[in-house]
Each structure stands twice: as C-alpha cells, then as structure tokens.
Amino acid sequence: MEHNYLITVLGIQEVDGEKDSVEVITEGDVVTKNDHTYISYKEYNEDDPKIYSTNLIKIEDDKKVTVIRKGEFESRLILEEGKRHQCYYRTPVGNMMIGIYTESVNISLNEKGGKLNLKYYLDFNNDLVSNNELKIKVKEKVIE
C-alpha cells in the first residue's frame, strides 16, 4: 500500500575529528512489497531546483538496508549490520568503489511512519575516510 509521507533525512559525517551534517526535509512515499519496505523521495539541488536526485531506501530485514541514489551523483550503498561491503559511488571527480562497514542498523517503522538509524564507516583502499550516521524519520502526512 502506498502513502504520502513527510521524510526527514539527517546525514552526519565525521572526518579527521571534524563533524558536518546535512538535513533534508521532503515528501515521499513508503511502500511494502514482498516483505521489503521501500522509502522513496527526491532531493533537489539548492542552487538549481531543476536538478534533483531520486533516492530509494530498501529495507530487506531488520539488519540490512540498501540506499540507491540516481541522478547527478549516483551511488548504491549496502548497509548490513556487522558486515563490510564494496559499494559503487559516482562523484564529480569520477567513479569509485568504496568500502562500507556498518556498525549498527536500527529500524522502527510501521504504516504511520517511524525511524531508521544507520551508523557506518567509509573507507577507500582500506583507509578510513569517515564515520557516518544516517537518521531518517518518516511521518504519514495528514490530509485535511
């Protein structure tokens, strides 16, 4: 069943002891199919609202999440608690494979909304690049 939701995405990144965060609040959909939950939303470029990326978060079970981003910068990140995966990442300087080790996956979602919290580390050539946290809140929109 498809619903309209308000989605808040907070990304926190720590590199060399310096923390930075980006928050996006947008509308999107949450769909459950074949025992998987999908959260989809568009993220618009602040400088040019005609440019956007389409994001799909696939929740396969309570410890595995795939984040797929399509648009100007593409990526496919597999976040599975306690495991490391090699993942595709397209950047302005070129395409690369990065390592992602997922420390924790915490999911509390139902048809009204909920939360998804992910803690993970990015590495390139086995050298730590950053500590990351992704916090996603979904809330069913009230239509009046």
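Biologist: Hi! What volume does the largest pocket have?
Modeller: About 1200 Å³. A pocket here is an open set of points on a 1 Å grid over the protein atoms alone, where a 1.4 Å probe fits, with protein on both sides within 12 Å along at least five of seven lines. The volume is the space filled by probe spheres set on those points, which are joined across faces, edges and corners.

Biologist: Before we go on, what kind of model is this?
Modeller: It's a predicted model, where local features need pLDDT of at least 70 and side-chain atom pairs count only at pLDDT 80 or more, while totals for chains, interfaces and linings use all residues. Residues are numbered from 1 along each chain as its sequence is written, and side-chain values use heavy atoms, with hydrogens and water left out.

Biologist: New topic. How many residues are in the largest nonpolar core?
Modeller: That core has 23 residues, and the ones with the most contacts inside it are Ile7, Ile39, Ile57, Val65, Ile100, Leu118 and Ile136. A nonpolar core means buried Ala, Val, Leu, Ile, Met, Phe, Trp, Tyr and Cys residues joined through side-chain atoms within 4.5 Å. Buried is under 20% relative accessible area, exposed is over 50%, and partly exposed is in between, using a 1.4 Å probe and protein chains only.

Biologist: Which elements give two or more residues to this core?
Modeller: They are strands S1 (3-15), S3 (36-44), S4 (52-61), S5 (64-70), S6 (75-80), S8 (94-110), S9 (113-124) and S10 (127-140). S9 gives the most, with 4 residues. Strands are DSSP runs of E, at least two residues, numbered from the N terminus.

Biologist: You listed Ile100. What is isoleucine 100 in contact with?
Modeller: Leaving aside neighbours within four places in sequence, its contacts include Leu77, Leu79, His85, Cys87, Tyr120 and Leu122. Contact means heavy atoms within 4.5 Å.

Biologist: And where is histidine 85 found?
Modeller: In strand S7, residues 84-91. Not counting residues up to four places away, histidine 85 touches Ile78, Glu80, Ile98, Gly99 and Ile100. Its side chain also makes a polar contact of 3.0 Å with the side chain of glutamate 80. A polar contact is a pair of N or O atoms within 3.5 Å; within protein, one must be able to donate a hydrogen and the other to accept it, and residues adjacent in sequence count only if both atoms are side-chain atoms.

Biologist: What joins the side chains of glutamine 13 and serine 130?
Modeller: A polar contact of 3.4 Å. Glutamine 13 sits in strand S1, and beyond its neighbours within four places in sequence it is in contact with Glu18, Lys19, Asp20, Ser130, Asn131 and Asn132.

Biologist: Why does glutamine 13 count as partly exposed?
Modeller: Because its relative accessibility is 35%. Valine 15 is also partly exposed, at 31%, and it too is in strand S1. Valine 15 touches Val129 and Ser130, again not counting residues up to four places away.

Biologist: Where is asparagine 125, then?
Modeller: In the loop between S9 and S10. Asparagine 125 has a positive phi near 55°, and it counts as exposed, at 62% relative accessibility.

Methods
1 Å grid on protein atoms, 1.4 Å probe; cavity = no way out; pocket = protein on both sides within 12 Å on 5 of 7 lines; lining within 4 Å.
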